[in-house]
Amino acid sequence: MSSAATPDVATAAARLRALLGDRLHEPGDAAYATTTRLWNGAVQRSPALVAQCLDAGEVADAVRIAARCHLPLSVRSGGHDWAGRALRDGGLVLDLTGLRTVRVDPDTATVTVGGGTTAAELLAAARPYDLVVPSGVVDAVGMAGLSLAGGYGPLCGRFGLTVDNLLGAEVVLADGRRVTADPRHDAELYWALRGGGGNLGIVTELRFRAHRLPGVLAGMIIFPLAEAPDVLRGYGALVAEAPDELTVMSGFLPGPAGEPVIFVCPFYSGPDLDAGLPWMDRLRALGTPLVDQIAPMPYADALRMFDGGMVDGNHYLLRTRWLPALTDSAVDVLVDAARQVSSPFSALAVHHFHGAATRVRLADTAFGLRGDHLLTEIIAVWAPGERAEPHREWAERTSEQLAPHALPGGYPNLLAPEETDRVRLAYGANWPRLRRAKHRYDPRELLTAVPTLPPSAH
């Protein structure tokens with residue numbers, strides 16, 4: 001939230017203290033450092049106040065106080081936005097990590113979660129019923145942030161993006177009103193939330209469609225870097241013909257000694273897991289596997305393969321490109337980037353978008369790209385105390401070299417705050433409608449989130 005008026009922090013603090021008691025944190029408080037620490041150690045922000053809210057009523061009251069006192073506002077849910085937009089310098093942070101209730105209804109196959117719930121918490125609650133909701137690959141990510149801008153993940157081919165499974169939401173608008181957004185209540189807000197990010201309101205509860213999935217055939221196959229060109233070309237050809245039940249991630253990870261290795265990570269989610277075995281054999285045949293960990297397992301267990309990938313406290317910078325296919329030229333760029341990586345912690349990831357996610361009509365949600373494509377993540381990582389420039393240059397150079405082979409825009413959840421031109425392009429034909437929705441629900445453009453929407457005059 002932003003305003004030309006001078007922020008009145010003292011009055012806001014007094015009113016919020018009366019509302020929240022010791023759940024209001026100011027610089028110097030014992031809990032302030034904890035509530036303003038994010039997994040990305042490169043983010044260094046100093047909010048004036050942190051309000052730990054426990055229900056939608058407290059969120060609404062805090063929003064009204066921030067408005068009256070002209071305080072900039074940000075929202076912390078999962079806190080996994082790499083750019084740290086959960087924290088605003090000099091502003092009020094609405095900390096939703098206390099809103100973590102999960103309610104599973106196996107009869108209707110729905111799961112309702114609070115605005116601070118993580119993917120791991122949702123999946124753990126749904127697991128006794130053999131139910132899942134499509135998620136990303138990092139289970140510590142908040143479901144609200146993941147959902148509102150899209151939600152790529154290992155089940156998108158069979159069940160769509162996370163946002164495609166969002167049935168409704170409870171929302172606090174920028175003026176403090178509490179509303180319901182679903183097909184029968186404020187359908188336009190419901191449309192805009194599904195891809196438009198957290199710029200329309202503060203989501204305090206989400207209701208998802210769940211799917212019966214007792215297990216997946218999944219795991220990691222790792223090949224030496226020398227085989228990367230052949231592996232990537234073979235991967236590109238295989239995913240172009242993969243069935244809905246098979247979604248395959250690929251990319252480069254640090255090997256045992258820090259050297260890059262290339263991986264493919266399939267998730268086969270069909271009702272008969274044995275039907276996925278020939279596909280696993282085809283993936284193994286892409287090269288000479290150094291590691292082969294394919295096995296049937298519960299979906300939540302499969303996600304734990306990625307638990308050690310992102311270490312809290314390291315410094316991160318991400319860039320992203322949408323590729324229509326893995327052409328030879330795009331393969332060359334990715335392999336060269338892996339060979340020239342600036343840090344033993346950095347990585348490249350290629351996410352597979354196909355199947356059910358492509359059969360949602362473009363106009364049905366705000367999400368702006370429904371054709372088959374590959375989402376590329378360029379993940380620069382370095383240790384605290386190191387100079388950022390070499391790692392930033394590696395990520396920027398890789399992104400620029402991929403640009404001629406890429407589609408316009410990019411995944412809004414990964415675009416940097418300054419990449420507003422690419423945000424607009426990411427929504428394509430949906431951009432004018434999303435812009436009108438932003439003006440309708442937040443006419444003073446008080447809310448900023450992921451993605452950072454360009455102002456209406458842009």
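A residue counts as buried when its relative accessible area is under 20%, as exposed when that area is over 50%, and as partly exposed in between. The structure shown in these close-up views is a predicted model.

**View 1. E445 and its positive phi.** E445, which lies in the segment after α14, has a phi near 50°, a positive value in a residue other than glycine.

**View 2. D186, in the loop between β9 and α7.** The loop in this view runs between β9 (178–181) and α7 (187–196), and D186 has its place there. Although D186 is not a glycine, its phi is positive, at about 55°. With a relative accessibility of 26%, D186 also counts as partly exposed.

**View 3. The cis peptide bond between V450 and P451.** V450 and P451 are joined by a cis peptide bond, for which omega is about -5°. P451 is found in the segment after α14, a helix that covers residues 431–441.

**View 4. The largest cavity and its lining.** When the whole structure is searched, three cavities of 30 Å³ or more are found, and the largest of them holds about 80 Å³ of space. Its lining is made up of V137, Y152, G153, P154, T247, V248, M249, C265, F267, H351 and H352. Three strands, β14 (246–254), β15 (260–268) and β19 (347–353), each supply at least two residues of this lining, and β14 gives the most, with three residues. Sorted by class, the lining of the largest cavity has seven nonpolar residues and four polar ones, while no charged residue takes part.

**View 5. The second largest cavity.** The volume of the second largest cavity is about 70 Å³. It is lined by 13 residues, of which F252, P260, V341, S346 and A347 are the closest to its centre. The elements that give two or more residues to this lining are β14 and β19, and β14 again gives the most, with three residues. The lining of the second largest cavity divides into 10 nonpolar and three polar residues, with no charged ones.

View 6. In soluble globular proteins, nonpolar side chains tend to be buried together. The largest nonpolar core in this model has 63 residues, and those with the most contacts inside it are Y235, F252, V264 and L326. If neighbours within four places in sequence are left aside, L326 is in contact with L232, Y235, G236, V331, L334 and L374.

**View 7. Helix α8 and its buried residues.** Helix α8 consists of 12 residues, 228–239, and reaches 16 Å from its first C-alpha to its last, which is close to the 16 Å expected at 1.5 Å a residue. The helix is mostly covered, since nine of its 12 residues are buried. These buried residues are A228, P229, V231, L232, G234, Y235, G236, L238 and V239. Among them, L232, Y235 and G236 are in contact with L326.

Definitions and conventions: Residues are numbered from 1 along each chain as its sequence is written. Side-chain values use heavy atoms; hydrogens and water are left out. On a 1 Å grid over the protein atoms alone, a cavity is a set of points where a 1.4 Å probe fits but cannot get out, and a pocket is an open set with protein on both sides within 12 Å along at least five of seven lines; lining residues have an atom within 4 Å of a point. Grid points are joined across faces, edges and corners, and a volume is the space filled by probe spheres set on the points. Helices (H or I, at least four residues) and strands (E, at least two) are DSSP runs, numbered from the N terminus. Ala, Val, Leu, Ile, Met, Phe, Trp, Tyr, Cys and Pro count as nonpolar, Asp, Glu, Lys and Arg as charged, and the others, Gly among them, as polar. A nonpolar core is a set of buried Ala, Val, Leu, Ile, Met, Phe, Trp, Tyr and Cys residues joined through side-chain atoms within 4.5 Å. Buried means under 20% relative accessible area, exposed over 50%, partly exposed in between (1.4 Å probe, protein chains only). Contact means heavy atoms within 4.5 Å. The expected span of a helix is 1.5 Å times one less than its number of residues.
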